[in-house]
Amino acid sequence: MNGRRSPSQFRDRVLSPGRRLRDFIDEVADASPARLAMVSFLGAIAIFTALLCLPVAHRNPEDFSFAVSLFVAVSAVCVTGLSPVVTEEYWSDFGIGVITAAIQVGGLGILTLASVLGMAVSKKLGVRQRLIAAQATNTFQIGQVGTLLRTVVSTILIAELIVAGLLLPSFLGKGESIGTAIWHSVFYAISSFNNAGFTVHPGGMEHFTNDPWFLSVIMVSVFVGSLGFPVVLMITIAWNRPRSWDLHTKLTLATSAILVFIGFVMLLFFEASNPRTLGAEGPGHTALEVLFMAVMPRSGGFATMEIADMNQTSLLLLDVLMFIGGGSSSTAGGIKVTTLAVLALAALSEARGLQEVTAFHRRIDPPVIKVAISVTLAGSALVFAGTLAMLHFTRMPLDLVLFEVISAFGTCGLSSGVTAEAPDSGLYVLSVLMFLGRLGTITLAAALSQQNTRRLFRYPEERPIIG
């Protein structure tokens, strides 16, 4: 032995720290994915809160408020979009940069952790999912979190670049310099695709109401981003073979389309004659704005009209749509459209006297229905508790408070004005709601799905009276 190391030994020694870190993350993700999600997001919130507390993050350092800094950090990391202050007036360019980074980190983290939790539930991917993932990543080692992370990051960044490129002409057309136009295009691409809802122009989306191209791109970006990474990946790879799509993709697309259609028709009926919102607009402009607002409750958070000026019926409709939210494993919040689909299919099967719940010629496993019920009840309990707390701290009308609470829970970002007027105690309540609304339903669903306890005995069967 001459004491020299072979090239392979040297390479293993150089790469061993990274491999050990990767193996450690894989072990933590497999042992306690919910803990990994919670700790990761709490750490990100702490870092971005500290950055937003710096004097350089404020246009006027004397306006510093820890409650505002914490709230905006939570809102950005949880890609919500609620804010008690006007973003472009309160935060400096550095602060807006921090918020943008928080949105990007939060969006990527949500998609990655949701996928990791899904892997932990199923333990390993099915044959079709492995083949799809292998085709997308050029590897068959899809069981590693690192590989999954690279797939998520590359897919999302490419999508955001496409959106930014489509938005660039609108900003150039407004006379902005090339540098400013590129920055604004990137910001709105990140904010829209991650369903964050933050804006940096006076009046928010009302600044772009006369730009149908801009509104259309933002609307499509929000909708695609709310579908979820598994659906986007499935469509990207098998776009010309819809029959080969899995049940999750079909349910997500079908339910999302139905909800947008219902929202469009009802909002058009409720708001077309409302003089405070769309009553004075032309038919074409009204139709585009209504379609835009029908998509936003999926968790987009952008608004082309004042929410407080809308009719009570519209507010209630938006409450329901925000509570449902978007697709699973997406940056959208709420109980998710597949949860609604499963519950509706179960009720339909029960009404028809069928023993099994089916959709698109596939059976839905009974434990999935139990998880859907649990997620819906947990979400309802959070909204109820949050509404009680906010009513106590703000003393504002129930309809406006309920709207704000559901927007926070569903990480939507549409605001009825409660956040801007809430005291610090109210901001803390909404911060908790955003955090629990973002991770609570994901981790709850994962935890319930992983449980597989089987009793060694059965109790006598008896049916209580229902209804």
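**Close-up views of a predicted model**

**View 1. The side chains of Asp-93 and Arg-59 form a salt bridge, with an N to O distance of 3.5 Å.** Asp-93 belongs to helix H5 (residues 93-122), whereas Arg-59 sits in the loop between helix H2 (33-52) and helix H3 (66-77), so the pair ties together parts that are 34 residues apart in sequence. In this predicted model, Asp-93 has a relative accessibility of 59% and counts as exposed, while Arg-59, at 45%, counts as partly exposed.

**View 2. Glu-356 and Arg-363 are joined by a salt bridge whose closest N and O atoms are 3.8 Å apart.** With the pair of Asp-93 and Arg-59, this contact belongs to the two salt bridges that the structure holds. Glu-356 counts as partly exposed, with a relative accessibility of 45%, and Arg-363, at 62% relative accessibility, counts as exposed.

**View 3. Helix H3 is largely enclosed by the rest of the structure, because eleven of its twelve residues are buried.** Burial here refers to a relative accessible area under 20%.

**View 4. The span of helix H3 and the residue Val-79 that follows the helix.** At 1.5 Å a residue, the twelve residues of H3 should span 16 Å, and the C-alpha atoms at the ends of the helix are 16 Å apart, which agrees with that expectation. After H3 comes Val-79, which has a positive phi, near 40°.

Note on methods: Residues numbered from 1 in each chain as written. Predicted model: local features only at pLDDT ≥ 70, side-chain atom pairs only at ≥ 80, totals over all residues. Heavy atoms only, no water. Salt bridge = Lys/Arg side-chain N within 4 Å of Asp/Glu carboxyl O. Helix = DSSP H or I, 4+ residues; strand = E, 2+ residues; numbered from the N terminus. Buried < 20%, exposed > 50% of the residue type's maximum accessible area, 1.4 Å probe, protein only. Expected span 1.5 Å × (residues − 1).
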